[in-house]
Structures are given as structure tokens and as C-alpha cells.
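Welcome, and please have the sequence and model open as you read.

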Amino acid sequence: MAPSALIAFLIAFAALQQQSAEAIRIPPMIACTPGLPKFIPCYDPPPLRGPPAECWTPLSKLAPCAGFLTGNSSVSSACCDGYKYMVDYAAICFCHYSNGDIGKIVPGTLNSTRLFGLSTACGSVVRLEAFTDCDSKFDYVPPMTPPSPPPSLPPAA
């Protein structure tokens, strides 16, 4: 083969290899772990938002997950909607899951492993800090229920 034909063949072969490699590119499906190299495709999860005023309202959105969290049923779309809301708007309230307060909303013995399974089942990843930094990083974990309003003053006489 002539040198120019060989070069043209190699260029065409390289172009085909590049196209086929792009065709099988795997989309990122898991959250990247901070500080570790990216050996597999991953994405950076959204940052944690500021805390809500109380956690009862966002945690009550996990009520449809009760059957899944206790090991009695599969994940429903209502469960995933509530879980995604928690991840996006009230991740700090997962601290109440860690300390057991969630039992006030979801009755039964909860399986923590199944909570982490919601990430896969619902396609929404919560940052690990939402569970591990309940006492250290956040200055304020919202109370489970809002504080009682101050007593009203009697009308002036």
C-alpha cells in the first residue's frame, strides 16, 4: 500500500473508532464523591439548600414511602415525589430520620438501608452530608415542629 493510502486508511479508521466510542458513551448515573478521582461517569449533586423553618411538612411528604421504608411494599410515584422534594428543598431534615423523629410520621420499624435505596428507585441523589453533618456543619437543624406562637395579649381595657 502506498504511504498516502495508508495514512488515509488510518485517518478513516481513527474517525470510525471515535464515532463508535461516542455512540456508546455512558451517561453519569451516580453522584461524584468529593475528593476522589472520577474513574466512572458521575455528576455533581446540587448543593444543599438553606434549612426550612420546620421539618414536619417536608418529612410528611415521605408518608407515602412508609410501606417501602418498613419493607412491606415497593416504591410508588407519590413516594418518589416526596423523596425528591426532600432532596431538593429540605435535605437537612434527613437528620430527623437519623435521630428517629421520623417515627412520629411514618409508623413501624424503618429500615435505613431502604431509605438509601430511594436514591436509586427515584433517581434523585441526596448528598451524604445531609445525614453525617447533623451536629457538626450546620448551625441549625430545624425543629420537627414549628415553635408555638407566643401567647396573645388580652385586649386593652
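What follows covers confidence first, then a helix, then the disulfides.

This is a predicted model, in which local features need pLDDT of at least 70 and side-chain atom pairs count only at pLDDT 80 or more, while totals for chains, interfaces and linings use all residues. Residues are numbered from 1 along each chain as its sequence is written, and side-chain values use heavy atoms, with hydrogens and water left out.

The protein averages a pLDDT of 75 (the predictor's confidence in each residue, from 0 to 100). Confidence is lowest in helix α1 (residues 3-23), with a mean of 58, and highest in α4, at 91.

Let's turn to α4, residues 77-89 (helices are DSSP runs of H or I, at least four residues, and strands are E runs of at least two, numbered from the N terminus). Cys79, Cys80, Gly82, Tyr83, Met86 and Val87 of α4 are buried (under 20% relative accessible area; exposed is over 50%, partly exposed in between, with a 1.4 Å probe and protein chains only). The face turned away from that buried side carries exposed Ser77 and Asp81.

Now for the disulfides, of which there are three (pairs of cysteine sulfur atoms within 2.5 Å).

| Pair | S to S | Torsion about S-S |
|---|---|---|
| Cys55 and Cys93 | 2.0 Å | -80° |
| Cys65 and Cys79 | 2.0 Å | about 105° |
| Cys80 and Cys122 | 2.1 Å | about -80° |

The Cys80 and Cys122 pair links helix α4 to helix α6, 42 residues apart. Both Cys55 and Cys93 are buried, as are Cys65 and Cys79.

Definitions and conventions:
Expected span 1.5 Å × (residues − 1).
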